[in-house]
Structures are given as structure tokens and as C-alpha cells.
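Visitor: Please take me through this model and then look closely at the places where its parts meet. I would like the residues named as you go.

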Amino acid sequence: MRPEIQDVLDGLAGSGYVADRVIATTVHLALALEKPLLVEGAAGVGKTEIAKALSSWLRLDLIRLQCYEGLDVYTSLYEWNYQKQLLRIRLEPENAGIERLEDTIYGADYLLERPLLRAIRSEARIVLLIDEVDRADEEFEAFLLEVLSDFQVTIPEMGTLTATSRPVVVLTSNGTRELSDALRRRCLYLWIDYPDADKELAILRRRAPTLEEPLARDAVAFVQRLRRERLAKPPGVAETLDFAAALEAMHAEALDPGLASDALGALIKDPHDMASLSPEALERLLDPTVGSSDEA
Amino acid sequence: MSASGTGDDYGADPRRWIAGLCGELRAEGLRCSLSESVLAAECATLLDPRDAREVWLGLRSAFCSNPRELDLFDRCFWRRWRGAERAVSSSSARAAGGAPAPRRPPGRSGQPPAPGDRVALQAADAPTPEMFGTAWSPAHAVARRSFDRVGEDEVREIDRWIERLVLRLSTRRSRRLEPGGRRGPLDLRRSARGAVRTEGEWIRLARRRRQRHPPRLVVLCDVSGSMERYSRFLVRFLLAVGRAREIQTFAFSTRLAHLTPWLARTGIDPALAALRARDWSTGTRIGECLETFLERYGRTMLGRRTIVIILSDGLDQGEVEPLERAMRRIRRRARKIVWLNPLLESTRYAPEAKGMKAALPFVDEFASGHSLTALARLPALLRI
């Protein structure tokens, strides 16, 4: 293993993020090649957390752009400060000349930076997180492609602005829509699966250090088996952490069906999934003698 | 782990090795262009060539771009890394040039099957002069005839009617706003621009309105027994209606097949013939097929813009429970479910079949779709 990859593992671990080699290798490549990192995976496997951990490890500011349907240039790139512009126009003496006025009110002082412009104009290197890019529409994706290819944008009134240092870019997607090939090709691809029991336990130890070890093991084993059920919304790592916190709040010592049922709301966020998990089903899931290999 | 065999070859010349891998991936149907191999070669300079796992993970992030490709990549990578003998056989295939995609079941990798009869497709699809003559009229005899009573010789004629029927469909508006209109939210940017010229007085207010966006359609057609005929015309109709829009078509009976890649290459009839050749038209397992659809395609194809159209008589041989479960999940993920059941044509029909009964609570629109006239009502029903 390259020492740089070990550095990534250690660095992310130092920021509270338990990475594995899949993640570390791809992150290492993305940093070295200055390529955007496209992270996909089910909800709650820690996609967004990667950007946060990178920002804290590399000591770079994090700029986050949350995507949604209808997101456009106004909300992602820049907007003019209309109130300020209006005041300025009112203060202008009559017949002062429209050109001069326009130069003033369409200048940097009247510009409201949105996340993408802030990322480009930042003097220092930053981490740019473009979260849930699949929620934005195709038009926005095309615009993003332009920004990501040379980190410059054009504001008609001001000209072209180019980034002084290339940001570390992390894009996340929940896969609700197929992203364009062009965007995918710009990026290094990272698929994050649900963690295996060892990794999930490591995460739990790090994020919930006060949780008793036997209980942590029980909780992880339970969640791991729960994910093999046919659920509409299988629990992610975030849910495991909530579940552990709930167990701790109830002063539990070992996991039993009653406790699991009480704290199940932390794991299951879908009424039909909830209904399908009867007391008998929970008992079966918690029974260590029922082999897990036949369910796999 | 230390490398051996072709792993050693990698150490000797990573670029060459990667170029070879690229050829094998392409032969397996993975899209793999120059930009991917260049990226992979760049990655290789940053990876330890003696560490197989590291090379594997690194190259994977360069070559793959969605979760469905991961398995395929893993298989190709390790085959090439471990065994020289198979690498030789596929390199001879590469030497033959072009690396044709092998015939595979549709849907698994999203790759279309081997090209079929393209000439027939062009003949069927090419607009003929008389098509532009008469206008579509629902009064025409053929328009009301149920598709299962359409003779073989009339199929082409109906296809031409469908072409005539292609309605200019209005499209749904998206949440993205574009300049224009008189009633939408204010467009501050353009209004402020205008106010510069009127000494800061906002005299003309510019507004924005919602853009129009076509919905995406996912069509699941029962091709078992008598349903095949209806399915054929529905698909034909939707293809004609939605040339520009995104339509994903599936056929099902006891199994599910992704038809879209076939349709693009061969057209509907060769695609259905290929399914028939695999002895498909025996029985229906709707529930299981819908679950397969959800598992493989649900994430990417369903969404707020998706309308799901299911054509089936609902005579299901499978269990009711999976059907109900799948319908519930589709209902939650899609904008709308339209169920077309040709049996509805009969006024005496009541949805008594247990499969149909189980599915109905989740259906937004229930229609027959059995004839041209019935199909003509579809766009309004879908509000597309």
C-alpha cells in the first residue's frame, strides 16, 4: 500500500471518519489528480461525511451546495443585491448617465455570492461539497459540468472569474436519477456500501464511545441482519448511531426483543417496514442460533 | 499480496496492461472510452503496482461510473490479473477488431443486444405519403376495433393510424423558472435592470414562470398469451407519441425484460419475437416481475417525474403479497400509476382476479387501452 493511502486512512480517522481501503484509495487519487469525487451509495452510509472529514483533516473550509429540483444560477452562483442597487439609483443625481450608474451597481459591492461563486473566488483552497446532485435537474447538471471542468464562471456584467486554487470537489448522489455520462466522466467514482459488521462497530466505537462494548456488538449484529430483510428503507449508519443512543438512554445492558421494539423507531422510518417487523420477526432477528448465512 | 502472472505484466508496463483491460471491458459491454483509459493510466502512476488490491480499487474508480458496473469490472480485472490463458483468448478477440458485444439478456448491463433486422424497422417506421392525407378520426371503423381482433394484414395499417394519431401533447411544467409570463413570481434581476433606466422606479415588473418539462414514462407490458397483442400496440403508440421524451419499456410474463435497448435497435416486432423464441408467453407472475423491476431499476427510473404504465389483465399466477408490496412501493416512488386492462372493454367485466384486486388500490387511473380510440384517450389521462 502506498504511504499516501495510509495517510488518507489516518487523516480521515483523525477527523472521526472510519474509512476503508476502497474509500481511501479513491480519495487519494482524487486529491492527487485534482479530480472531483463522485460518491454514490444508499442513504445514510456516510457520503456527505466524507466531505466534512476531508475539510477537517486538510484544514480547508467547507462550502456546501445543497441541490434540489429547480436549483438555478440565481441560488447556486450569484444574485445581485437589489435593495442596495435600488438605494444607489435613488441617490444618484439626475442625468448622471446610465452607463456610469450601471458600472457602479453591477460591481463587486452589489454582488451576493452563492456557494459556487464563493468557492471560485475563495483565495484559499476549499472543499466544495455538492450534495445530492441527483436532485437537481439536467440543465443544472450541464451548468455544473462547465464550472467543474475549468473552475471559471462568467458573470455578464463583470466578466470571467477564474479560481485561484482548485477546490477539492465532492459530489454526492442518492441515485434517484441517472446522472449524465459527461458528468460521471469528469469524476472519480466511489460507491459506498453499507459497512460490514467490523467497520460498523468501529464507527460506533468512535462516534458513541460511551456505549458498552457488548451492547454495541448486539446493536451492530441486529442492524446488519435487519438490512438483509426486504425493507423499503434499510437503516443507514446514521440510524445505527441513533439506535445506539436510544439504547444508551434506556440504560440497556443487552439487546432483547422488547428493547429492540422500543428503540426501533430510530432505525425504521417507514410505516410498512415497521408493520412488517412483528415481535416474532424481531425475536428471529435477535436469535443468534438462527444462522445468518441462509439469509444472505 | 504479491502479484504473479499477468499481475507481473502490469508491473512491467501498466499503460499497456490497462489498454488491454479496456478492450476486455468493452467486449463485456462496459462503456469504456479513451477518456476513461487516460484517467486510469493517470491513476496508475499514483498506485503501488505490487499491491493488487490497490490497483484494483484505484482503477475501478476510474473505469466504473455506476453501481451496476462494479461487478463486471471486478470480474474482468481479476480474470486479467490472475490468469494469462483467458487473457490470451480475449486478446485474440480484440485483435479481430471492433470487439462486438456478446448477446446477453437485456437489462442486466443496460447494453442493447446484438443488432437485429434494421431494414424491417426502417420500412415500418418510414412515413408514407398517404399518412399525411387523412386526419385521424375516432369514427373510423378500425379505430374502435379491439386489438385482438385486428388481422395480421391490418397491423401495418394500424401502425400508420397511430402515426396520424400522434397528438401534440402538452407537457408538465417543471419547478425551474424561466423568464416570461404575467403571473409568476417576480424576476428581480430583470426588473432591477429595467429600473435602472427609469430612475429607480420599478415600472415594469418582469416575472418568471415554470418551465415545461415532459414526464418520464416507465411502461411495463404483460406479454403473456393474449396480452402480447395489446402490449405491442401500446408500445408502438407510446413510441410514436413520445419520440422526444424519455420512455423505458419493459416486457414481463414470468420474468422481466428491459425492452428499451432492443427497441432502439430492432423495433418492436423483432423484440417481441425474440422474447417469444425464449418461450415466454406462458403464465404471468406480475408481483415478482415488479419486484425485480424495483430492485434493478427502481432507484434510477422512478421519481417525481415518472408515470408508471402497467398493461396487464391482472390474471396472476404468482402470490398476491409480492404484487401488493411492489405496487405500494411503486406508488410511493412514482408520480402516478396507470393500469391498462383490455378486459375493461367489456361492460360486464369486474376486477375479480385476485391479482387485479390487490393492485387496484394503488392505481390512479384504470383504463382499457384495447383499441386506437382507447389509446387516444391516454395522453389526456396521463396529463402529459
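Guide: Chain A contains 15 helices and nine strands. This is a predicted model, and the mean pLDDT of chain A is 87, with 96% of its residues reaching 70 or more. The stretch to treat with care is residues 292-296 of chain A, where the pLDDT is below 50. Beyond near neighbours in sequence, that stretch has three contacts in the model. Of the 296 residues in chain A, 36% count as buried. Among its contacts between residues at least 6 apart in sequence, 76% join residues at least 24 apart.

Within chain A, consider helix α10 (residues 197-207) and helix α11 (residues 213-226), whose axes come within 10 Å and cross at roughly 135°. That angle falls between 115 and 145 degrees, so α10(A) and α11(A) are oblique to each other. Their crossing is right-handed. On the α10(A) side, the residues that meet α11(A) are A:A197, A:E200, A:L201, A:L204 and A:R205. Facing them from α11(A) are A:A216, A:R217, A:V220, A:A221 and A:Q224. Sorted by class, this contact of α10(A) with α11(A) has six nonpolar, one polar and three charged residues.

Now to chain B, which has 18 helices and eight strands. It has 384 residues, and buried ones make up 36% of them. Of the contacts in chain B that link residues at least 6 apart in sequence, 76% join residues at least 24 apart.

Helix α2 (residues 14-27) of chain B packs against helix α5 (residues 67-82) of chain B at an angle of about 135°, with the axes 10 Å apart. By the cut-offs of 115 and 145 degrees, α2(B) and α5(B) are therefore oblique to each other. The crossing is right-handed. From α2(B), the contact uses B:G20, B:L21, B:E24 and B:L25, and from α5(B) it uses B:F73, B:C76, B:F77 and B:R80. The contact of α2(B) with α5(B) comprises five nonpolar, one polar and two charged residues.

The contact between the chains takes 33 residues from chain B and 38 residues from chain A. Several elements of chain B each supply at least two residues to the side that touches chain A, including α5, α3 (34-44), α4 (52-63) and β1 (172-179). Also on that list are α10 (188-196), α14 (286-301) and α15 (320-333) of chain B. The largest share of this side, six residues, comes from α4(B). By class, the side of chain B that touches chain A has twelve nonpolar, eight polar and 13 charged residues.

Leaving out residues up to four places away in sequence, B:E365 touches B:V338 and B:L381. B:E365 and B:L381 are 16 residues apart in sequence, and their C-alpha atoms are 7.3 Å apart in space.

Technical notes
Residues are numbered from 1 along each chain as its sequence is written. Chains are lettered from A and ligands numbered from 1 in the order in which they are written. This is a predicted model: local features need pLDDT of at least 70, side-chain atom pairs count only at pLDDT 80 or more; totals for chains, interfaces and linings use all residues. Axes are lines fitted to C-alpha atoms, for helices over the stretch in contact, and angles run from 0 to 180 degrees between N-to-C directions. Helices (H or I, at least four residues) and strands (E, at least two) are DSSP runs, numbered from the N terminus. Angles under 35 degrees count as roughly parallel, over 145 as roughly antiparallel, 65 to 115 as roughly perpendicular and the rest as oblique. A crossing is left-handed if the near helix is turned anticlockwise from the far one by less than a right angle, and right-handed if clockwise. Two residues are in contact if their C-beta atoms, placed from the backbone, lie within 7 Å. Ala, Val, Leu, Ile, Met, Phe, Trp, Tyr, Cys and Pro count as nonpolar, Asp, Glu, Lys and Arg as charged, and the others, Gly among them, as polar. A residue is buried if 20 or more other C-beta atoms lie within 10 Å of its own, exposed if 12 or fewer, and partly exposed in between; C-beta atoms are placed from the backbone. pLDDT is the predictor's confidence in each residue, from 0 to 100.
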